[in-house]
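Have a look at the structure first.

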Amino acid sequence: MNRDENLKQLQNTEKIWDIAVIGGGSSGLGVALDAVSRGLSVALFEKADFAKGTSSRSTKLLHGGVRYLAQGDVFLVLEALRERGRLIKNAPHLTQNQAFIIPVYNRWERIQYSAGLKMYDYMSANLSLGSSRYISKDETISRMPGINPKGLFGGIVYHDGQFDDARLALSIAQTADHAGACVLNYAKVVSLEKDSSEKLKGLIVQDMISKKKYPINARMIVNATGVFADKVLQMDNPDAAKTIQPSQGIHLVLDLDFLGGKDALMIPKTRDGRVLFAVPWQGKLVVGTTDTLREKAKLEPEALQTEIDFVLETAAGYLTRKPTRADVKSVFAGLRPLARPKEGSTKTKEISRSHKVIVSESGLVTLTGGKWTTFRKMGEDTVEYFPKITGLTMEVSRSKDILLHGFTKSIPKGHWAVYGSDARLIQELAKADPSLSELVHPDFPNIMAEVAWAVRNEMALKIEDVLSRRIRMLILDAQAALDSAEKVVNLMASELGKEEVWIEKELSDFRKVGEKYLIKS
């Protein structure tokens, strides 16, 4: 992807894009991917970096949703299982099969969980990642050396998918870009433009780097801004009712040896009815999540102390070694864009995780709700409105068969896997310039060539883009990321042609963000 080349496309003020997408998270990227699969022209604008918000802060699971099955939402589970299977086929370098173990403490739990997971297996059909089965107490402890054996009866093993959320978002952006879409980060939509009949005809977008504004003509405009959807709806109509209820989920990152083994732990019912996961991911253990209603949507949400305490206390009940605040390598928070509940309801588990498409009187198409696993179907369902909005015909969707950028049948080893077919090109950069073969940080396998590659080919413009979303160091070990910032910014400045003033501001900005990922004792 070349940001400068994409910006040049906006200089043609006569061009009418078929679809302009506001939002560069999983929802907006799903819309762009489906639209280009139908031969439509697409421009996508993200006010920050791709997946800066919720889409890089997930539990890293591609799943049908075992707990949604328990709630009776069979259609959502079926849809998610189908999409999980398609995504694993289309992006094998970014996805993998992950075994989970549910600890069982009595015979009734064994019967209950076994029955539910057999139904989950059945619904997966030919897209199954492996059959569920009961295992003994001894095998459970052998597979999870860190689990507390007190009162343990056995365990139920089942399979779901795992992925790198920010890297997947980037891969989708690259795929859409290569197919002809104009994809831009740090491009903020500042106003919506209407014709004499109050129907949308375009928008004004501002490049947040140069501050230059560009008028964009579009036949259909999609609001796919997640928890910020209401802001765009109110830009369209100041009297628009609120549709989004942000729900915060946090994750704590610990050393992997707190659990041990390769299996993930799934706790189906905590003391307040939530589900909690402890998932091995990129050499660490990601533990979460919470479900806390928040009134205000923020681009950089922070974990509440009560949420941190809840996750630590719950995890301590299942682990032999009790994690403390001092053991937390990083804490990150994300906001789910749930549909606003009925008056008086405060339980987020009652709010549907299904996505919804809303069309305003002006013709603004808003995509709300949903989950990462179903991003492609969400995009397909949204683009289906194109003929209704424009009166034009379009081709059938082909997005379910698109192989995502980096696809390869020979997955590179270790941390190189997420780059897929690009891994070899990055390694060649390091061979050509020995300074790029240096480690970014001694505790991580990433090398400086990945930083150069992120700037040259992945639209990384800030330290955070590199250390949080291109390389996942910030969410894996916040202090390591802070310690690496100066080394990274110096190379970025060289690549981008920036001066000392820019370096100092970048370091200051990154330190402010990075410190939010550290646990305050």
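In helix α2, the buried residues are Ser26, Ser27, Gly28, Leu29, Gly30, Val31, Ala32, Leu33, Asp34, Ala35, Val36 and Ser37. Buried here means under 20% relative accessible area, while exposed means over 50% and partly exposed lies in between, using a 1.4 Å probe and protein chains only. Because 12 of the 12 residues of α2 are buried, the helix is largely enclosed by the rest of the structure. Its cover includes β1 (16–22), β2 (42–45), α7 (165–178), β10 (213–223), β18 (365–368) and α10 (375–383). Helices (H or I, at least four residues) and strands (E, at least two) are DSSP runs, numbered from the N terminus.

This is a predicted model, in which local features need pLDDT of at least 70, side-chain atom pairs count only at pLDDT 80 or more, and totals for chains, interfaces and linings use all residues. Residues are numbered from 1 along each chain as its sequence is written, and side-chain values use heavy atoms, leaving out hydrogens and water. The predictor's confidence in each residue, pLDDT, runs from 0 to 100. Its mean for the protein chain is 94, with 97% of the residues at 70 or more.

How far apart are the end C-alpha atoms of α2? They are 16 Å apart, which agrees with the 16 Å that its 12 residues should span at 1.5 Å a residue. The expected span is 1.5 Å times one less than the number of residues in the helix. After α2 comes Gly39, with a positive phi near 80°.

Now for the aromatic rings. Rings of Phe, Tyr and Trp (its six-membered ring) pair if their centres lie within 6.5 Å; planes under 30 degrees apart count as stacked, over 60 as edge-to-face and the rest as tilted. By this rule there are eight aromatic pairs. Two of them share Phe100:

| Pair | Centres apart | Planes at | Type |
|---|---|---|---|
| Phe100 and Tyr158 | 5.2 Å | 20° | stacked |
| Phe100 and Phe277 | 5.9 Å | 75° | edge-to-face |

Phe100 in strand β4 (residues 95–104) and Tyr158 in strand β6 (residues 154–163) are 58 residues apart in the chain. Phe277, in strand β13 (residues 276–281), is 177 residues apart from Phe100. Phe100 is buried, with a relative accessible area of 1%, and Phe277 is buried at 12%. Together, Phe100, Tyr120, Tyr158 and Phe277 form one aromatic cluster.

Finally, the whole protein chain has 17 helices and 18 strands, and buried residues make up 59% of its 521 residues.

Technical notes:
Contact means heavy atoms within 4.5 Å.
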